[in-house]
Amino acid sequence: MWVIGIDTSCDDTGVGIVRDGKVVANRVASQTLLHQKFGGVVPELASREHTQVIDGLVELALSDAGIRLSDLSLIAATRGPGLIGALLVGLSYAKGLALALGKPFVGVHHLEGHLYAALADHPEVEPPFLALLASGGHTHLFQVPAWGHYELLGATRDDAAGEAFDKVARMLGLGYPGGPEIEKLAREGDPKAVPFSVPLYDQVGYEFSFSGLKTAAQRFVEKGYTKPDIAASFQRAVVDHLANVVIRAARDTGLSTLLVSGGVAANRALQERLAEAGLRVLFPPPGLSTDNGAMIALAAWRRWRGEGDSLALPAAAYVPLAQG
């Protein structure tokens, strides 16, 4: 079964192709340079850029997979959450493709796509497990008792983890996106040099909070701490916060398998910290941590039960994956 997945939820255009659960093509057109000078994503510019590149990206993905449009069995696209204008580009394109080819269409939840990205190299994994989704727009911890069932254990009260990286990187005069920039600078600093406090350290639940770290970073910049030390210490606090919540949830639920997805999943310090926790931790393979189309195709393939969605399915800027 050949499945094409399209993701235009934010600033990257992603087209991926999956055959029987295996990723065979994954093309992403990054808009980083376009938005870098603004320090963040400009929605209208993102939408326009998607329209310019999506056709060519589909052709490249098909070429990589060695197939034609007529070989596709299922057409999938992100239907939300995300920037509404950007979402409409990919969703409309996928619907038009499905209509023209006479093939079924499936709308995929963006967060569900990220979850399945962590299973790309581990198709044998079965629920129940925990899933941490940490990116520039989301920080959520789910308990997954069965396929398609998601119980929200906790989410951020304010900024997402990746959003906090972006904002602190801007304070330090670094580029966008901030996560890789801070990780790079942190290698030159001392993670214990700047006294960041780990948020919500004594909480009983599983919530996250990063706005206090952002405020503290600004204060430490004004006090004259070195940029490498601020980067290293900030990264340490974020990683410790994420790890503390996840480890507590694993202990309380008795679950020992953890999926970690989203752009923050690519952070080496986070990977190393969670590897020490005694859990089976699964990360997406290279290229599938950030937004991409292959993860959307994987989610559609896993969900497929022989019946597609209506072509009237609307895009949704906000749609929860689960309620907690």
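Let's start with helix H2, residues 43-65, which lies across strands S1, S2 and S3 and runs at about 150° to S3. Keep in mind as we go that this is a predicted model. Next comes helix H4, residues 110-117, which packs on the sheet and touches S1, strand S4 (74-80) and S5. The direction of H4 makes about 85° with that of S5.

So what does the sheet itself look like? Five strands form an open sheet, in the order S3-S2-S1-S4-S5, with mixed pairing. Its edge strands are S3, residues 22-29, and S5, residues 105-109, and each of them pairs on one side only. On average, neighbouring strands here are turned by 20° against each other, direction ignored.

Let me walk you along one part of it. As background, strands of a sheet pair through backbone hydrogen bonds, either parallel or antiparallel. Strand S1, residues 2-7, and strand S2, residues 13-19, pair in the antiparallel sense over six bridges. If you'd like a place to look, find Ile6, which stands opposite Val15 in S2. S2 and S3 also run antiparallel, and seven bridges join them. There, Val18 stands opposite Val23 in S3.

Now, how many residues lie between the strands in the hairpin of S2 and S3? There are two, and Asp20 in this hairpin takes a positive phi near 50°. Asp20 sits in the loop between S2 and S3.

Leu200 is another case to look at: it is not a glycine, yet it has a positive phi of about 50°. You will find Leu200 in the loop between H6 and H7, and at 22% relative accessibility Leu200 counts as partly exposed.

There are cis peptide bonds to show you as well. One joins Gly80 and Pro81, with omega about -5°; Pro81 is in the loop between S4 and helix H3 (84-101). Another joins Pro127 and Pro128, with omega about 10°, and Pro128 is in the loop between H4 and S6.

Which residues of helix H6 are buried? They are Gly178, Gly179, Ile182, Glu183, Leu185 and Ala186. These residues cover an arc of only 165° around the axis, and that puts them on the same side of H6. As for partners, the buried residues of H6 pack against helix H5 (161-171), helix H8 (227-253) and helix H9 (268-275).

H9 tells a related story. Its buried residues are Leu270, Gln271 and Leu274. Looking down the axis of H9, they fall within an arc of 100°, so they line one face of the helix. The buried residues of H9 pack against H8, S9 and strand S10 (280-282).

Then there is the pair H5 and H8. These helices pack at an angle of about 170°, and their axes are 12 Å apart. That angle makes H5 roughly antiparallel to H8. On the H5 side, the contact is made by Ala164, Phe165 and Val168, and on the H8 side by Phe234, Gln235 and Val238.

In soluble globular proteins, nonpolar side chains tend to be buried together. Here, the largest nonpolar core has 45 residues, and those with the most contacts inside it are Leu141, Phe196, Phe210, Phe234, Leu258, Val260 and Leu274. At least two residues of this core come from each of strand S6 (129-134), H5, H6, helix H7 (211-222), H8, strand S9 (257-261) and H9. H8 gives the most, with 13 residues.

What surrounds Phe196? Leaving aside neighbours within four places in sequence, Phe196 is in contact with residues including Leu213, Phe220, Ile230 and Phe234. Apart from this core lies another one, of 32 residues, among them Leu119, Val144, Met295 and Ala297.

Technical notes:
Residues are numbered from 1 along each chain as its sequence is written. This is a predicted model: local features need pLDDT of at least 70, side-chain atom pairs count only at pLDDT 80 or more; totals for chains, interfaces and linings use all residues. Side-chain values use heavy atoms; hydrogens and water are left out. Buried means under 20% relative accessible area, exposed over 50%, partly exposed in between (1.4 Å probe, protein chains only). Helices (H or I, at least four residues) and strands (E, at least two) are DSSP runs, numbered from the N terminus. The arc is that of the directions from the helix axis to the C-beta atoms. Contact means heavy atoms within 4.5 Å. A nonpolar core is a set of buried Ala, Val, Leu, Ile, Met, Phe, Trp, Tyr and Cys residues joined through side-chain atoms within 4.5 Å. Two strands pair if DSSP finds at least two bridges between them. Axes are lines fitted to C-alpha atoms, for helices over the stretch in contact, and angles run from 0 to 180 degrees between N-to-C directions. Angles under 35 degrees count as roughly parallel, over 145 as roughly antiparallel, 65 to 115 as roughly perpendicular and the rest as oblique.
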